[in-house]
Amino acid sequence: MSAELQSGEPAGAATALDAQLVVARNGFSLDLALSVGAGEVVALLGPNGAGKTTALRALAGLLPLTDGYIRLGGRLLDDPASGVWQPARRRAIGVVFQEYLLFGQLSALENVAFGPRCHGVGRAQARQRAQVWLDRVGLGGQAGARPHQLSGGQAQRVALARALAVEPGLLLLDEPLAALDARTRLEVRAELRRHLAGHCGATVLVTHDPLDAMVLADRIVIVEQGRAVQTGDAAAITRHPRTEYVARLVGLNLYRGRGSGHTVTLPDGVALSVADPVEGEAFVAFAPAAVALHRSRPDGSPRNTWPMTVDGVDRHGDHVRVQLRGGVAAGGLPAGLSGGLAADVTTAAAAELGLSPGQPLWAAVKATETRAYPATIQR
Amino acid sequence: MSTRRTPGSGAPPALLVPAGVGLLFLVLPLAGLLVRTPWATLPQRLGAPGVLPALRLSLFTATAATVVCMALGVPLAWLLARARFPGRRLVRALVTLPLVLPPVVGGVALLLVFGRRGLVGSWLDATFGVSLPFSTAGVVAAEAFVAMPFLILAVEGALRGADPRYEEAAATLGAGGWTVFRRVTLPMIRPGLTAGAVLCWARALGEFGATITFAGNFPGRTQTMPLAVYLAFESDPQAAIVLSLLLLTVSVLILTVLRGRWVGQP
């Protein structure tokens, strides 16, 4: 470890992470296969309680696996089956914690020098290296500052420098931007991206913010209830969401049904006309902006027309987001989409419709505005 | 302080009245001491033989006892706060026992164990030729026995309040257990440790019962200020008052300075 450090050269392509993270406790179970190449940034994206932080703690060596294994750069770190367990301090890792956890009694420089010191680097050399890292994150002038004297963005950068100063084979970031205000976050996110790109080891990032994941990561793993439900780059996930959580994240309406040619039949019996032919289990997704709302049933209408009821109305910038729930089949009319629907209309259109909760409306979507794709998982 | 609005300004009478009575109850005896002080003969009484040695011995033994308590008590507090082991509740109860035990009983118990013919004492005497009772070291032992729980309780509380995630962060940076404790845990609990050490020192300074039972009352060797006060009170009450005043002044001075500097309370 210290030899690696002293050479000042990251271990390169060998430092890839290969892990099967299985943690079961108190009725919660995590089972996540994770493989990260050297230099690659993978984001674990999911709602609170999905098990992202548990996965991170297991990788960091702060929580033992109950099954599976963790292998970093060919070295086995945790393998309950064979009794292998390396505690956090013997792993080639660096962690940026959500609240940074900078040591309050140490200066920024001493915080960054802490890791190298623990790895046997001499005091003077450790301080020198810390200074280099502080310069690299643009805080060379703040070396003597105590953590409480730093702004949130500066503390985040010191935490990053501290984690990188041990030249870890695996860098772990837990909600790295969550503690920052919106404006600082924008700035720090761009900068963080630059530093992650310069990191030669593997990086695993945990976040519940889709934007963080999309900007910072090469690959995104969506985690829900302890399982990976979808993996891909930002574009693939945005285009073809596979769960309601992902669809909501990327702002799409998502339905699952059985496809047959240009029709997908949902479990509630509603048939959706779609542009892309699809067979078997399939998803249909469309943007809220693709939904048109009418007071009465439109004539010569697209085939995807449903009676719905207004559930809620929210202003989103220059448009209005209308949440609708399925109506009741009556008088020979079909029932609405029981899964509900989000529609975006202009402020002018909203005023004309006179939107109020409980109001019945007709929603229409052109088949050409929909995307249909098979539901079978392709990773 | 004067520019800030005092939070007590809106205190309800139901709290203020008993608070005032409580303050009087604590301060009046001290005022009585001041009133009865023979100010005219004060300098000459302070210079009387035996006064300064007793004061010096008191300060030395209380400080030594505090050092012993820190060296043994901090690790014990860490064990109670952080380690999981069977019988932890029992250990905690045992540790706080000296708080409820009459100090004289503590002194008797110390004699039974560390006395010349005691369980450990006879071995110490035979092996090292060391005998604790009726020595200055015995005073330190008696004071440490009585004062240690104060330190342990304060440090354990501080450890429980300290955020263990900082220790995890240190571990991810490669720090071993001792480094984590020394460079992360200890600085985090410093206010609690200081408060505990001050309490411990104050308790050791005022120690009487265990000291006189275990270490006896030999001027210059085991006669601390409280013992000197007690002895003087029987023969020369005026001298007792002077000694008490001296002990009081020194304690208040030291506690004020310590609190101001390390505990960070106004």
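Predicted model: local features only at pLDDT ≥ 70, side-chain atom pairs only at ≥ 80, totals over all residues.
Two residues are in contact here if their C-beta atoms, placed from the backbone, lie within 7 Å.

**Leu62(A) and its surroundings**

Leu62(A) sits in the loop between α2 (52–60) and β4 (67–72) of chain A. Leaving aside residues up to four places away in sequence, Leu62(A) touches Arg57(A), Ala88(A) and Glu168(B). Arg89(A) lies 27 residues from Leu62(A) in sequence, and their C-alpha atoms are 9.5 Å apart.

**Where the chains meet**

Across the two chains, 16 residues of chain A are in contact with 13 residues of chain B. On the chain B side, α9 (164–172) and α10 (177–188) each provide at least two of the touching residues. The largest share, six residues, belongs to α9(B). By residue type, the side of chain B that touches chain A splits into seven nonpolar, four polar and two charged.

**Chain B as a whole**

Here is chain B in brief.

| Feature of chain B | Value |
|---|---|
| Box filled by the C-alpha atoms, along the principal axes | roughly 65 × 65 × 30 Å |
| Buried residues | 36% of the 266 residues |

For the contacts in chain B with a separation of 6 or more, 75% join residues 24 or more positions apart.

Definitions and conventions. Residues numbered from 1 in each chain as written. Chains lettered and ligands numbered in written order. Helix = DSSP H or I, 4+ residues; strand = E, 2+ residues; numbered from the N terminus. Nonpolar A, V, L, I, M, F, W, Y, C, P; charged D, E, K, R; others polar. Buried ≥ 20, exposed ≤ 12 C-beta atoms within 10 Å, placed from the backbone.
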